[in-house]
Each structure stands twice: as C-alpha cells, then as structure tokens.
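Colleague: I am new to this one. Please show me the model, and then let me ask about it.

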Amino acid sequence: MTMRARGASWWWLAFAAFPACAQNIYRLDPVSTTISFNIRHFGVLWVSAHFPDFSGRFVLDRRGPSSRVDVSVQMASIDCSDQRWNERLRSAEWLDVKRYPQMTFHADQVDFDGDGRALAHGQLSLHGLTRTVGLEITQLNCAPQPSRSQRCSFEAHTRVKRSDYDIPHGFWTGGDQVDIAISGVGSSSVGGADK
C-alpha cells in the first residue's frame with residue numbers, strides 16, 4: 001500500500017465540510033461493527049469466528065499527526081456458532097482466555113491514501129505478547145450528517161501468525177496464518193471531548 005504526500009490533500013478535502021475542530025472522535029458502534037478472524041489450513045478454511053464483546057474508538061485529526069486507533073476485545077466472547085468449538089477456542093489449547101482475557105490494538109500513526117484507504121501502524125497484544133502490525137483500512141467513508149452527529153464507516157484487515165504469539169498450531173490445529181477483519185461503523189459528536 002502506497003501512502004505518501006497525496007494523502008494530505010485527500011484528508012483536507014474529505015473533511016472540508018466539517019465544522020472547524022481539531023479532532024473528530026469516533027466510538028465503534030457495537031450493533032454495526034463486526035470483529036472476526038479466519039484460519040486456513042492447506043488453503044481450506046479451518047475455523048472462522050467473531051467477537052461480539054468489544055470496545056473501541058478512533059480519532060481523526062484534520063492536521064494528521066494526532067490520528068489514532070484503540071480497540072479492546074473480550075476474548076471469552078468468541079463465537080463460531082458451535083458450542084464445542086467455542087469451548088476449544090477458549091481453552092489453553094488455543095486462546096487461553098482465562099489467562100489472557102483481552103486482545104488490544106493501539107495505533108498512534110495513521111497514513112492516509114487518496115482513495116478511502118489508510119494504514120494504521122500499531123501494536124497488537126494477544127496471548128500475553130505484543131507485536132507490531134499494520135492495520136489496512138479500506139472503504140473509509142466519513143461524511144457529515146445533517147445533525148451534529150457524524151458516522152464513519154470502514155473495512156479493516158490485518159494478518160498475523162499464531163507462532164508470533166506462542167499460540168499452538170499444527171497439522172491437527174490449523175494453519176499458522178490468521179486473518180483478522182473489522183467491518184466497522186463509528187459515531188461521533190462534532191467537537192466532542194476526548195474522554
């Protein structure tokens with residue numbers, strides 16, 4: 001993904017209609033947002049699940065440098081629509097949710113592209129370990145509403161390895177590669193305080 005000087009121009013154009021304020025703070029809408037992951041094994045989907053219990057927000061700074069992303073996921077909420085698999089995924093064999101109850105992502109550097117795309121450089125903490133990852137954001141659409149309330153929709157994706165987080169993997173437990181996806185909607189009040 002190429003993120004360079006044209007991103008700054010797009011940023012000003014995309015928010016030109018917004019009232020003057022330093023930042024727009026969006027909180028993830030739990031009803032309209034889905035956080036999920038897929039694991040494949042020999043090219044075949046092995047397991048897919050989502051996390052219904054999460055919180056998060058992202059800050060869009062018209063000047064650029066203060067943009068950031070924060071997401072926290074409650075790992076015990078994992079759901080793959082199969083109770084037996086849910087228990088297995090929560091166990092020490094996989095995510096060990098009793099020892100590691102949360103997955104978090106924090107990014108304080110966001111590079112914008114001119115086509116509704118961005119790359120958030122951040123830290124993903126999972127299974128007791130923290131690694132640097134890039135969250136690729138697409139279909140970023142933040143349009144002002146008739147009222148002071150604003151909504152911002154996006155798709156986001158990152159790819160990690162289970163081995164990077166000391167999560168067991170192998171022939172009988174699926175592949176090493178994990179695709180994490182967020183289909184999100186955030187809501188904001190114009191000029192709202194960062195609390």
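Colleague: What share of the contacts with a separation of 6 or more comes from residues 24 or more positions apart?

Modeller: This is a predicted model, where local features need pLDDT of at least 70, side-chain atom pairs count only at pLDDT 80 or more, and totals for chains, interfaces and linings use all residues. Residues are numbered from 1 along each chain as its sequence is written, and side-chain values use heavy atoms, with hydrogens and water left out. Contact means heavy atoms within 4.5 Å. For the protein chain, the share is 62%.

Colleague: Is Val178 buried or exposed?

Modeller: Val178 lies in strand β10, residues 177–189. Strands are DSSP runs of E, at least two residues, numbered from the N terminus. Buried means under 20% relative accessible area and exposed over 50%, with partly exposed in between (1.4 Å probe, protein chains only). Val178 has 9% relative accessibility, so Val178 is buried.

Colleague: How far apart in space are Val178 and Ile39, C-alpha to C-alpha?

Modeller: Beyond its neighbours within four places in sequence, Val178 contacts several residues, including Phe37, Asn38 and Ile39. In sequence, Val178 and Ile39 are 139 residues apart. In space, their C-alpha atoms are separated by 5.0 Å.

Colleague: Why is strand β5 largely enclosed by the rest of the structure?

Modeller: Strand β5 covers residues 68–74. It is largely enclosed because the buried residues number five of the seven.

Colleague: Which residue in β6 is the bridge partner of Asp70?

Modeller: Two strands pair if DSSP finds at least two bridges between them. β5 and β6 (residues 102–112) pair antiparallel over six bridges. In β6, the partner of Asp70 is His106.

Key:
Helix = DSSP H or I, 4+ residues; strand = E, 2+ residues; numbered from the N terminus.
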